[in-house]
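Please open the structure in your viewer and keep the selection tool at hand. The tour below goes from stop to stop, saying what to select next and what is there.

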Amino acid sequence: MKTVLLKSPGDILISEIETTQRQDGHVLLRVRSAGICGSDIGAYKGVNPLVSYPRVIGHEIAGEIVEVADDETEYKVGDRVIIEPYVYCGTCYPCSIGHTNCCENLTVRGVHIEGGMAEYVSHPRHLLHKVPDGLPWHLVPMAEPLVISMHAVKQAETKAGQHVVITGAGQIGLLAAQYALTLGAIPIMVDPVEERLALARSLGVAHTLNPVSQDVVAEILSITQGRMAEAVIECSGDARAIRGTVDYVAYAGHIALVGWPKSDIPMPTALFTKKELTIRGSRNSVGQFPESLRLIAEGKVNVQALLTKTVTMDETPATVADIAAHPEKYLKVTCLL
Ligand SMILES: [Zn+2]
Ligand SMILES: [Zn+2]
């Protein structure tokens with residue numbers, strides 16, 4: 001079968017390998033679509049220490065079931081599904097309290113184990129979600145970044161009527177803003193790139209701020225009539241944005257950190273106490289795929305607007321290389337396999 005194989009950092013190609021067989025407790029999928037994620041680009045650039053090589057990339061994977069176990073009752077051949085790519089151990093402490101998203105022994109497809117950018121993939125049957133009828137293949141992988149954003153919105157305890165500052169208008173930030181809107185919250189998007197802010201406005205975000213040309217603290221103070229934001233979601237990983245979260249947040253507010261910083265960042269920790277902040281990490285997601293798929297299928301979250309383009313499997317290696325070289329040209333790319 002054909003795969004998108006990362007032989008070593010900077011060396012990506014279409015490679016023929018022996019066709020995957022269905023494993024015990026798994027279903028076998030004919031992969032139909034995949035999303036190219038930031039972590040795939042990190043693997044290509046060799047900056048993700050968790051990735052070993054050679055590695056088939058891809059964790060945002062959707063496909064059609066082609067083989068199930070004889071005693072399978074829930075799934076049948078022909079079902080359209082998306083995989084939940086976070087394969088957890090089920091026995092460690094976080095797993096024992098239901099936080100399987102931050103399992104101590106987590107293995108993620110395309111990172112720790114072979115990814116799904118291949119014609120076939122065998123995946124645990126309990127980590128699948130049925131795709132609503134009529135949702136086109138090229139949009140299905142977007143359900144994975146959306147669950148990341150939904151989890152971050154939840155970690156920040158975002159509620160209807162509240163202001164939520166979102167730093168970083170990449171795919172995670174723009175999806176978080178749209179999800180916050182479905183909850184009746186009021187997003188305030190902060191990003192230095194004007195085109196991204198314009199896209200946010202076209203998706204219904206009323207307040208957008210550019211930290212290069214505007215005094216973000218003063219603007220948030222004015223928008224919130226002196227309160228500051230009850231919730232802040234940091235999606236960029238940028239050091240200045242992370243530092244800014246404690247200034248943007250209200251007293252007794254909540255901060256969720258979903259962006260991965262590149263290094264340690266000094267923080268005014270006295271403000272954590274003075275404002276009595278709740279600061280939470282936000283990693284992967286748990287239990288949110290069904291709602292994510294429904295929101296996309298019902299058009300409540302517009303994922304099409306975030307797609308820069310959709311490419312074929314043969315075009316995928318060159319596209320990954322181009323995204324790594326010119327990240328500013330892309331917001332999100334999906335592949336039809
Ligand atoms: Zn992803
Ligand atoms: Zn675990």
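The names follow DSSP runs numbered from the N terminus, where helices are H or I runs of at least four residues and strands are E runs of at least two. This is a predicted model, in which local features need pLDDT of at least 70 and side-chain atom pairs count only at pLDDT 80 or more, while totals for chains, interfaces and linings use all residues. Residues are numbered from 1 along each chain as its sequence is written, and chains are lettered from A and ligands numbered from 1 in the order in which they are written.

A residue is called buried if 20 or more other C-beta atoms, placed from the backbone, lie within 10 Å of its own, exposed if 12 or fewer do, and partly exposed in between. Just after α9, select Gly299, which takes a positive phi of about 75°.

Next, go to Leu135, in the loop between β10 and α3. Is Leu135 buried or exposed? Leu135 is buried, because 20 other C-beta atoms lie within 10 Å. Leaving aside residues up to four places away in sequence, Leu135 touches Val140, Ile296 and Ala297. If you also select Arg80, you will find that Leu135 and Arg80 are 9.9 Å apart in space, C-alpha to C-alpha, although 55 residues apart in sequence.

The next stop is helix α10, residues 316-325, where Thr316, Pro317, Val320 and Ile323 are buried. These four cover an arc of only 125° around the axis, which puts them on the same side of α10, whereas Ala318 and Ala325 are exposed on the other side. Among the elements that cover the buried residues of α10 are β1 (2-8), β2 (11-16), β3 (26-36) and α1 (38-45).

From there, select β3, in which ten of the eleven residues are buried, so that the strand is largely enclosed by the rest of the structure. Two strands are said to pair if DSSP finds at least two bridges between them. β3 pairs in the antiparallel sense with β9 (residues 120-124) over five bridges, and the partner of Arg30 in β9 is Tyr120. With β5 (residues 60-67), β3 pairs in the antiparallel sense over seven bridges, and there Ala34 stands opposite Ile61. With β18, β3 pairs in the antiparallel sense over four bridges, where the bridge partner of Ala34 is Cys335.

Finally, select α6 (residues 216-223) and α7 (residues 239-248), whose axes come within 10 Å and cross at roughly 35°. The contact is made by Val216, Val217 and Ile220 of α6 and by Gly244, Asp247 and Tyr248 of α7. Axes are lines fitted to C-alpha atoms, for helices over the stretch in contact, and angles run from 0 to 180 degrees between N-to-C directions.

Definitions and conventions
Arc of directions from axis to C-beta. Contact = placed C-beta atoms within 7 Å.
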